Structures are given as C-alpha cells and as structure tokens.
Amino acid sequence: MTTMESAIFPTRTREILESLRASGQLKQLQMIEGPMDATVRIRGRGEVVCLCSNNYLGLANHPEVVEAALEGIRKYGAGTASVRFICGTFDCHERLERRIASFYGVEAAYTFTSCWNANEAIFPTLCEAGDLIVSDELNHASIIDGIRLAVSIKKGLLRGVYRHSDLVALREKLVEARLNAAVTGTIWIVTDGVFSMEGDIADLPGLRRLCDEFGALLVVDDSHGTGVMGATGRGTHEHWGMAATQVDYFTGTLGKALGGAAGGYIAGSRAAIDLLIQRGRPTLFSNALPCSVACSAEKAIEVLMREPQRVQKLRDNVEYARKGIASSGFSVLKSPTAICPIIVGETAKAIAMSRQLLDLGVFVIGFGFPVVAEGHARLRVQISAAHERHHLDALQAALTKIKS
Ligand SMILES: Cc1ncc(COP(=O)(O)O)c(C=O)c1O
C-alpha cells in the first residue's frame, strides 16, 4: 500500500467525525454508573430520571432477575467457551427456550446472542431461491440487514418493500408477485409488531388476512411489543386479540422488557427451529448466550407470567405520560405503546433538546439521521413500569420548561 493510500482512511474518518461535530450530530455516550432503573446515575451529573431505556417492565434490576444471573454464573461459570453444536448448549439454554415457547404458546424457540443475530439467522436460513420476502419500509435495521444478507447469499431469492403500514400497497406487491414467474416458492411478509421509532403498531389482523389470501407466511419482530402489548404482555398479537399461532414466526429480544441483559430468539414451528439449529450461521459459528443471561432472562419471563399487573402499571404510566407530554405543549405520535416520539425536525435540534432535558434532570435521547429519515428527528420518550408518577411529572415539568 502506498503512503497516499494509507492516508486516505484516517483522513476520511476524521472528516466524517468533524462534519458530524460541526453539524451538531455527534452522539455523546453517557456513562451510567449503576443499575438501569426508573432513575440512573450518570457520571458527572448524578441521579436523573431515565426515560430512554427499553426496561419496559422494570425487570433489569429486579432482585430475582439479578439473583438468577448470579446463580447462573455460580452454576455454569462465565460462559460456554464454545458454539452451541459443539459443546456450548447448557441445560439453562434448553429451559429458557422452553420458557419462551410456552410464553408464546408455540412449538419451539431458539436463542441467539441478540435479536440482531436472530434476524440475521431467520431469513438466510429459512428462505430459498424463488421465495419473496416483503418488508415494511420502517422495519428495524436488523430485519433490513437480515433480508439483504439472505438475498446476497441466495441467488434467486427476491425481496420487496411496502410503504409503512400500507396494506393496499402491500396487496399490490402480492398481486404482482402472483404474476411474477420468478416467484415460485414461499412469500414471507415481515413486520415489526411495535415500530421502534414511531411507536405505532402493525395491523397484524390485516397482515394475517393478506397472508391467508396469498398463501404467505407472517414474521413479526415484537422486540418492543413483548412484555408491553396485550393484557398479559404476550405482545402485539395479544393486543389485537389474535392467537400466537396466527403469527408464523416471532423474533424478539431479551434485551428490553424480558430482563434487559441481551439476547434474542426465534419462536415458531419445531421444524423451522430444527433447521435453524442445523443451518443458522450465527448459531453454527458463534457462542451461545452466556448462562447468566439465559438464567436471568428465564427468570424475567417467569416474573412477567406471574405478575401481569406490571403490564397494567406500564399501560397506566403510558397513558399518564402521554397526557403530560400533551399538556406541556408538545405533540406526541398517537399510539398505545410505551414509545412516545416527539417529532422536532432537524437532528441538531433533537440533540440540543435532549441536552436541555438532561440539564433539567430528565434523560431522553434525541434521534436523528441516519436512525430516522432526514427532517424527522425526534425525542423518543420511553415509559417503564418502574416509573412512579413523580418521575413522569418531572418529565412534564422539564418539557414545559424547554417549550417556554
Ligand atoms: C425491533 C427491533 N428488533 C431487533 C432489535 C435488536 O435487538 P438486540 O439488541 O437484541 O440485538 C431491536 C433493538 O433495538 C429492535 O428494536
């Protein structure tokens, strides 16, 4: 490599970072010095109300969940030191997977070190040439990348994208697919249950009807719906009064409501899970979940199943917080979910407002490009069952102050 070529990368990198800094878009990582809860301790600031975590049920620092993690470490040690099919599957993984399957009421489940990994496993493993994957345009980045990966690996596998939650546009794609001689296999319709940036929910009954009409399979990533939606927190399908079996495959995370540590899963038919065990590259070539996490996540699901009142408390908090945001003079995108986005426009503005809120003791993150489209930057307020009314009142007071 010439000296000039070797100088390209550092120069380019510096320029990108400089332009982010100059346009006020550079993200600052906050150092949290204690557990995730209704409030957190931020280095250099002290205690602030935390309204940007996905700790929806307040289980991340629940004593039973923490104890289960410690017990996992004591019993199994730090980790698996192996991928699953060699000698990295412990009985705590089997217990967790049974628990996830019974939580949903489906045949089987399989875990990954993240839901990102689960979404990178499901499409490249289960889809084949001649299949078509149709995806909502606002699906999570891990779904988008999972589909891109699948299409790049499997020649002849097709993909399409439909306008956000637009079932008429989706139907047109499905009609086109029927006429497309290249679509000879299975059609997969893929959606988030709760959309992570808008906080709105997918019309699962409508999607199911289209699946039935066109003989398609429905995949729902319910990372933000699990533990949040439906009377018992089973997820977005429960919110709609659907049986879990009306969704063909769920993907989800253990890093939000279900204990908040890390990890993801795919849940659905036994045959699909068996194929993932045989062929899923993220599981064939990467270690299993640490046992501490397998144990803490299993405990978190047990606590959720035992205490559905946590889901009701979250719902009450969401209603209260949404009213508070409205009375502070901001408008929040309407939805029953725990994600309350306040659209402010430019990325720099969202980041500046987030700093102002932090100065007022309220921790809310501003999201801008490339996480959301240019011009649609927002503050994303996230509510937890761990919050008490005074935390939500502090949010309202801070928003009122920055509005004036
Ligand atoms: C809808 C959705 N899917 C997948 C993921 C990735 O989850 P994990 O952190 O387990 O990789 C996220 C995380 O933000 C998400 O919001």
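Modeller: Happy to! Let's start where Val 40 has Val 48 as its bridge partner in β2. Those two residues belong to β1 (residues 39-42) and β2 (residues 46-50), which pair in the antiparallel sense over four bridges. Strands here are DSSP runs of E with at least two residues, and helices are runs of H or I with at least four, numbered from the N terminus; two strands pair if DSSP finds at least two bridges between them. Three residues sit between the strands of this hairpin, and Gly 44 takes a positive phi near 85 degrees there.

A word on the source: this is a predicted model, in which local features need pLDDT of at least 70 and side-chain atom pairs count only at pLDDT 80 or more, while totals for chains, interfaces and linings use all residues. Residues are numbered from 1 along each chain as its sequence is written.

Now on to β9 (residues 264-268). Five of its five residues are buried, so the strand is largely enclosed by the rest of the structure. Buried means that 20 or more other C-beta atoms, placed from the backbone, lie within 10 Å of a residue's own; 12 or fewer makes it exposed, and in between it is partly exposed. Gly 264, Ile 266 and Gly 268 point one way from β9, with Tyr 265 and Ala 267 pointing the other way. Strand β3 (residues 108-112) pairs with β9 in the antiparallel sense over five bridges, and Tyr 110 has Ile 266 as its bridge partner. Strand β8 (residues 249-253) also pairs with β9 in the antiparallel sense, over four bridges, with Gly 252 opposite Tyr 265.
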